[in-house]
Amino acid sequence: MSRTATSSLGVPANAFDAPPGLPAPLPAGEHILWQGSPCGFGIAVRALHVRLVGIWFVGLALWAAVPPLSEGAFVQAALLAGPTLLVGIGAVALLGLLGWLSARSTTYTITNRRVVMRLGIALPMTLNLPFSLIEGAGCKVFADGSGDLPLQLRGGNRVAYLHLWPHARPWALTKPEPMMRSIPDAKLAAGILARALSTTLDTTEESAAPMVVARQRPVRPPRLANAS
């Protein structure tokens, strides 16, 4: 799910309420360019590797069933393979549910000044990335049109990989990169982000060190991450 949001005044319809997916109202002069959520199927397949898990359990079931099948003992083969397949179905269903919950609890927002990632199932947090902290961005588009947008952070700014996962570039452990994962309209979002970054390339913005702070604390200048 994705959506674009603009207004003639450049502010939300109700400037006193936080827009969906944001922890607080946007300051004057800042407005939403794009907002969207990841695809649950994409997270389940590409982050949780549900296909590989399914193939693994099918392989285990076949490994147990082939010897009795070769002897014509079909009932014994079914009894040996059945429990493994049931466990595999349960594992696949659980991973699918986690992917759906992760997508449902995640909102990506691109404004004219920053990228905001609202994520977390049990412990929601908000990752605040002013454009001054973003060194570059990539885009990987898949066959179905969805894609991943990893964000490279400037030196000295770091967020723990486990805090980001599954919204992190795979295997970038030493230098974690926040990633907008499995966006249905990746090319559209990438184009909007590229234009926003290019127009603010020479704009000086206040940077902040990566921190996770409680939501109830007073509002301070932009931080990299906030618990909420």
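A residue is termed buried under 20% relative accessible area, exposed over 50% and partly exposed in between (1.4 Å probe, protein chains only). The structure is a predicted model, in which local features need pLDDT of at least 70 and side-chain atom pairs count only at pLDDT 80 or more, while totals for chains, interfaces and linings use all residues. Residues are numbered from 1 along each chain as its sequence is written, and side-chain values use heavy atoms, with hydrogens and water left out.

Helices (H or I, at least four residues) and strands (E, at least two) were taken as DSSP runs and numbered from the N terminus. Strand β4 spans residues 114–119, and six of its six residues are buried, so the strand is largely enclosed by the rest of the structure. Burial extends to both faces of β4, with Arg114, Val116 and Arg118 on one side and Val115, Met117 and Leu119 on the other.

Strand pairing was assigned where DSSP finds at least two bridges between two strands. Strand β3 (residues 107–111) is paired with β4 in the antiparallel sense over four bridges, and a hairpin of two residues joins β3 to β4. Strand β5 (residues 125–130) is likewise antiparallel to β4, over six bridges. Arg118 of β4 takes part in both pairings: Thr107 is its bridge partner, and Thr126 in β5 stands opposite Arg118. The hairpin of β4 and β5 has five residues between the strands, and Gly120 there takes a positive phi near 115°.

The loop between β4 and β5 also contains Ile121, which is partly exposed at a relative accessible area of 45%. Ile121 belongs to a nonpolar surface patch together with Leu94, Leu97, Leu98 and Trp100, and the accessible area of these residues together is about 480 Å². Patches consist of residues with over 30% relative accessible area and no salt bridge, like charges being joined within 9 Å and nonpolar side chains (Val, Leu, Ile, Met, Phe, Trp, Tyr) within 5 Å. Accessible areas come from the Shrake-Rupley method with a 1.4 Å probe; for residues, only the protein chains shown count as cover.

Salt bridges were defined by a side-chain nitrogen of Lys or Arg within 4 Å of a carboxyl oxygen of Asp or Glu. Three were found in the whole structure. Glu30 lies in the loop between β1 (2–3) and β2 (32–36) and Arg114 in β4, so the pair ties together parts that are 84 residues apart in sequence. Both Glu30 and Arg114 are buried.

A salt bridge also forms between the side chains of Arg46 and Asp144 (3.6 Å, N to O). Because Arg46 lies in helix α1 (residues 40–47) and Asp144 in the loop between β7 (140–141) and β8 (147–153), this pair ties together parts that are 98 residues apart in sequence. Arg46 is partly exposed, at 22% relative accessibility, whereas Asp144 is exposed, at 54%. Arg46 additionally lies over the face of Phe142, at 3.8 Å from the ring centre; this assignment requires NZ of Lys or CZ of Arg within 6 Å of the ring centre and within 35 degrees of the ring normal.

The side chains of Glu177 and Arg169 form a further salt bridge (3.2 Å, N to O). Glu177 is buried, with a relative accessible area of 9%, while Arg169 is partly exposed, at 37%.
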